[in-house]
Amino acid sequence: MSATLHTPADLADHTARFVVGVDFGTLSGRAVVVRVSDGAELAASTHQYRHAVMDVALASTGRALPPEWALQVPSDYVDVLKNAVPEAIAAARVDPALVIGIGTDFTACTMVPTLADGTPLNELPEFADRPHAYVKLWKHHAAQPQADRINVLAAARGESWLPRYGGLISSEWEFAKGLQLLEEDPELYGRMDHWVEAADWVVWQLTGRYIRNACTAGYKGILQDGEYPSRDFLAALNPAFASFAVDKVAHEIGQLGASAGALTAEAAAWTGLPEGIAVAVGNVDAHVTAPAARATRPGQMVAIMGTSTCHVMNSDVLTEVPGMCGVVDGGIVSGLYGYEAGQSGVGDIFAWYVQNQVPASYFVDAASHGRSIHEHLTELCQDQPVGGHGLVALDWNGGNRSVLVDAELSGLLLGQTLATRPEEIYRALLEATAFGTRAIVEAFNASGVPVTEFIVAGGLLRNPFLMQIYSNVLRMPISIIASSQGPALGSAIHAAVAAGAYDSVRAAGEAMGRLDEGVYMPDSESANTYDVLFSEYSTLHDYFGRGAGTGGNDVMHRLKSMRRQASREKAVA
């Protein structure tokens, strides 16, 4: 656990009001205390999840998990409320009685199977050893076969909701993961009463009420124009899946910025906050960040860059963007269509590389210079001319979320020789993620939803060299959120609206959000060379990503299939 403290000059003003925002990330939860009047962040605290991500073995038994699984333990989320929130309040030196609301955001699509009262199935002794009883994290990609069937059937039937998701439903989302649960553990599926987004489960723990947020319902739950996929469609996937939407998913919808209820006595004891204060309807970490960056106008794309990147943008135009993760009316702010796209792996790719591929001598050298390994690799590669490494990579180590929507794709590095240095590969991976973002921006522009401003939030904005690469690759200025806790600040903004301090999320964002405009500007010479590299990236992107049906190559799919088959044979042996 860690905390930071900022003491404003008027902290002694007891007429001030405060809110708390809590951001639940992939590995930890962060709480921030924010002043309602101007968005000043007084203190923040982080609490690491005790079980982190279970992607190799189930913690309760040590049982090996198959490839592409990613699970979590829901009690870790409650521990964030019990630890990070009271520590942030203490560090801020704020009287808890002056706190008027709390808001939360979560990774998505992260799913919790529960009983009718919200008890997670993994907390039942009889299910503690069953992997499907646990939280399926957003990067659980083992439901790709189910997603493929959903997409094929939806396209064949001409389902009206499919174009709202760029023509493809992701394996990360509610219906694919739910179908996998049914088909691989039908007993547990039958015992499950609710298939709950973690964003809503946490709010349920705070209020005692289950309210389904409009954001995840629309983007991850295929709720369009008030309807889920039909019973006939679901039955065609699997007869036992026919009532999934009605029996397991559908529930009262809460609008963004609304109050989901009041803080219960139990939750007040956990957090140290006053019983009865407003608890905002849950939200997604990316979407909640837009008002924190004052990005509530059409054309302002916000890229929340961390382990993955989520791109969100408002527009007054409703259309289909190939490979988008969804478009939802009021999905970010009311009155506009909220678009989402994303990259499954960004920071995760950089972390994988340094943990598995960088020689030990580099860590020694980094320590001797007082730098982190990421800072050291950046220092070594940043003065090399663009293209000087002779490399191009595909940023698909975690699959491709947009614009191909295919978790079966994998990473690729082309051009390495016996002279290639580790720092050059690191730079090629940085550039690959920028190329992936450019592919997304170009898809929006080509579809009549122009990106007019590019704003970065998230932990990766702390790497200036990476930000300059993005500016050069995109040929756009890069603005950055003036907060190190963008999602948590966004949740605090929603808490202020839920508590009645502001009439709308837009108004609260203008007063409480923070943005530094045009921090990075494109260099024309570097941009010209990056155009050439992006052309090569695009050729590889289409050849390996679009498949044999379009003149490409499905080798990545075949290799993933071989890996799964080998894993099954090993498990049987």
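Okay, a definition before anything else: when I say helix or strand, I mean a DSSP run, H or I of at least four residues for helices and E of at least two for strands, numbered from the N terminus. By that naming, Val 403 sits in the loop between β18 (392-394) and β19 (412-414).

Quick housekeeping. This is a predicted model, with local features needing pLDDT of at least 70, side-chain atom pairs counted only at pLDDT 80 or more, and totals for chains, interfaces and linings using all residues. Residues are numbered from 1 along each chain as its sequence is written, and side-chain values use heavy atoms, with hydrogens and water left out.

Let's stay with that loop. The peptide bond between Ser 402 and Val 403 is cis, omega near 15 degrees. In the loop between β18 and β19 we also find Val 405, and its phi is positive, near 50 degrees, in a residue other than glycine. As background, most residues other than glycine have a negative phi, and most peptide bonds are trans. Val 405 has a relative accessible area of 11%, so it counts as buried (under 20% relative accessible area; exposed is over 50%, partly exposed in between, with a 1.4 Å probe and protein chains only).

There's another cis bond, from Ala 108 to Cys 109, with omega about 10 degrees. Cys 109 is in the loop between β6 (99-106) and β7 (111-114). And there's another positive phi: Glu 68, about 75 degrees, not a glycine. Glu 68 belongs to the loop between β4 (41-48) and β5 (71-72), and it is buried because its relative accessibility is 18%.

Now, the rings. How many aromatic pairs does the structure hold? It holds 20. A pair here means Phe, Tyr or Trp rings (the six-membered one for Trp) with centres within 6.5 Å; planes under 30 degrees apart are stacked, over 60 edge-to-face, and the rest tilted. One of them is Trp 352 with Tyr 353, tilted, at 6.4 Å centre to centre and 50 degrees between the planes. Trp 352 is partly exposed at 37% relative accessibility, while Tyr 353 is buried at 4%. Then there's Phe 435 with Tyr 530, edge-to-face, 6.1 Å between centres and 70 degrees between planes. Phe 435 is in helix α14 (residues 422-446) and Tyr 530 in helix α18 (residues 524-545), so this pair ties together parts 95 residues apart in sequence. Both Phe 435 and Tyr 530 are buried.

The axes of α15 (residues 464-474) and α18 come within 7 Å and cross at roughly 70 degrees; axes are lines fitted to C-alpha atoms, for helices over the stretch in contact, with angles from 0 to 180 degrees between N-to-C directions. That makes α15 and α18 roughly perpendicular (65 to 115 degrees; under 35 is roughly parallel, over 145 roughly antiparallel, the rest oblique). On the α15 side the contact (heavy atoms within 4.5 Å) uses Ile 469, Asn 472 and Val 473, and on the α18 side Ser 526, Ala 527 and Tyr 530.

Last stop, Met 192, in the loop between α4 (186-191) and β9 (194-197). Met 192 is buried, at 1% relative accessible area. Leaving aside neighbours within four places in sequence, Met 192 contacts Pro 113, Thr 114, Leu 121, Leu 181 and Lys 248. Its C-alpha is 7.3 Å from that of Leu 121, 71 residues away along the chain.
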